[in-house]
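Here is a friendly note to read alongside the model. Please keep the sequence and the 3D view open as you go through the points.

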Amino acid sequence: MMKETTVEVSLTDLLQGAGSLVALMLLSLSLFRRLSFELFLRTHQALAAVCIYMTWRHLPSESIFPRVYLYIPLAILLLSTFLHVLLFLYRNGILPSRTYPYASVMCRTKSKNTEGSDEGPAEGTPLKIRVALPKPMHVKAGQYVNLWMPSVSFSSWLQCHPFMVTSWSPGKQDVLDLFVQTRHGLTEKLRARAALEGTASFTAFVSGPYGRSEPVGEYESVLAVASGFGIAGVVPYIKRLLYGYNTSSVRVRRVHLVWQVQTMGK
Amino acid sequence: MEFMTLYAIAAGGIFLLLVLVRIAPSFKPLAEALSRWVAKHLAYPYLLGRHRLIGPWTRLAVLLSLAYGVINIFFVTFRASSTSEIGRRAGTLSLLNMALLYPFMQLGLFADVLGLSFDTCRRVHGAAAWMTSALLALHIVVAMLDQQKFSLHEQNNLFAVIV
């Protein structure tokens, strides 16, 4: 049992513990997520750590039992993080030291931009990123990779963004093509750097591939619907289907592609 | 349980597994029909369309959320003898739900391991978080009610309010 002196200590704990949980829930609202996702994510993780520590302190320590409910998920988390990091190091050629993967960002330069009406000047500019991998990677159609490009800007080492892989090949790929829509944060910086000369190269670490791949080859008729940049998610499937059709390895007979775009010139 | 029962269970399990592997293919048409039915009537139709703050909710999502809630309420209240028992159970259940939250740290990886989509995983994480908070709120309320009965300096009471 506790001594009297701990009462004051636990009062501050009370404020921290309850506060961290309330903050955790409040900050998870979509309003804060949209404000700054990176800030939200790091705060979320930090508050989760505070929360787990407070819970650990609160649980009775006489027997191991209630605390096991904390140890097991933490062990799973640690193990999966460890394996993930190992895989990441291996994939990117860091652990058996090789050349780092790099990404070439391609963008149309301003002078070449023949389109007069530039209503959304930066936002919505298509970028093409080619990632040269130190180790070939097998990416199924419809999967994405997370890209970490620490050298792009001051805050970019904190950011890791998912991008759809548009290239597809039946085997492993040495080079991944990504098709990117310019938005506000990192992609805008990439565009600004690439727009100067039309291309720019950065060190880029890849994690993944993630995401499910639908078994499109099992159907005779395939209908694909995409709008704008959503085409990035459809292109690898089309490539896969065309390859399968030519090699008679899929059932597909008809493919309908519906693509809605705002302006054809973009 | 007797020690030798383990051997019996292992031996029986091996035979059962072989039989299951043998008869599994004949259940394939049934499973396909079932998954088509679920997709047609539960997974694709929306109960609530897309709105500014909530939605879209499919019928399946609503059903599963309800089931999740009902199961938790059942475990908290089933044959509970007193309010403090309910509070204690709510605390443990809240802890169990919280345990579900932590492996989601690498959402993309976890989604692939489970074979779910990223968005589904995010929603499961959100649902578990709301459940944890609700149970915790119940735990705190009950603990506060109990505080009037017990001494204030006891460890359980104090730390019950903390988390």
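1. **Before you start.** This is a predicted model, in which local features need pLDDT of at least 70 and side-chain atom pairs count only at pLDDT 80 or more, while totals for chains, interfaces and linings use all residues. Residues are numbered from 1 along each chain as its sequence is written, chains are lettered from A and ligands numbered from 1 in the order in which they are written, and side-chain values use heavy atoms, with hydrogens and water left out.

2. **Chain A in outline.** Chain A holds 6 helices and 9 strands; helices (H or I, at least four residues) and strands (E, at least two) are DSSP runs, numbered from the N terminus. Chain A has 266 residues, and 38% of them count as buried. Here buried means under 20% relative accessible area, exposed means over 50%, and partly exposed lies in between (1.4 Å probe, protein chains only).

3. **Surface and contacts.** About 15800 Å² of chain A is accessible surface, and carbon and sulfur atoms own 63% of it. Such areas come from the Shrake-Rupley method with a 1.4 Å probe, and for residues only the protein chains shown count as cover. Among the contacts in chain A with a separation of 6 or more, 71% are between residues 24 or more positions apart; a contact means heavy atoms within 4.5 Å.

4. **A sheet to trace.** Look for an open sheet of 4 strands in chain A, with the order β5-β2-β1-β6 and antiparallel pairing. Its edge strands, each pairing on one side only, are β5 (173–181) and β6 (199–203) of chain A. Two strands pair if DSSP finds at least two bridges between them. Strand β1 (residues 102–106) of chain A is joined to β6(A) by 5 bridges, and M106(A) has T199(A) as its bridge partner there.

5. **The helix on that sheet.** Which helix packs on the sheet? Helix α5 (residues 186–197) of chain A does, touching β1, β2 (126–137), β5 and β6 of chain A. The direction of α5 makes about 130 degrees with that of β6(A); axes are lines fitted to C-alpha atoms, for helices over the stretch in contact, and angles run from 0 to 180 degrees between N-to-C directions.

6. **Aromatic rings.** There are 8 aromatic pairs over all chains. Rings of Phe, Tyr and Trp (its six-membered ring) pair if their centres lie within 6.5 Å; planes under 30 degrees apart count as stacked, over 60 as edge-to-face and the rest as tilted. One of the pairs is Y53(A) with W56(A), stacked at 6.4 Å centre to centre with 25 degrees between the planes. Because they are 3 residues apart in helix α3 (residues 37–58) of chain A, Y53(A) and W56(A) are separated by about one helical turn. F74(B) and F78(B) form a tilted pair, at 4.7 Å and 35 degrees. Ring pairs also link F88(A), W148(A) and F205(A) into a cluster.

7. **Cysteines.** How many disulfides are there over all chains? The count is 0, where a disulfide is a pair of cysteine sulfur atoms within 2.5 Å. For C160(A), the nearest cysteine sulfur belongs to C121(B), 17 Å away.

8. **Positive phi values.** S248(A) is not a glycine, yet its phi is positive, about 55 degrees. You will find S248(A) in the loop between α6 (231–246) and β9 (254–260) of chain A, and at 65% relative accessibility S248(A) is exposed.
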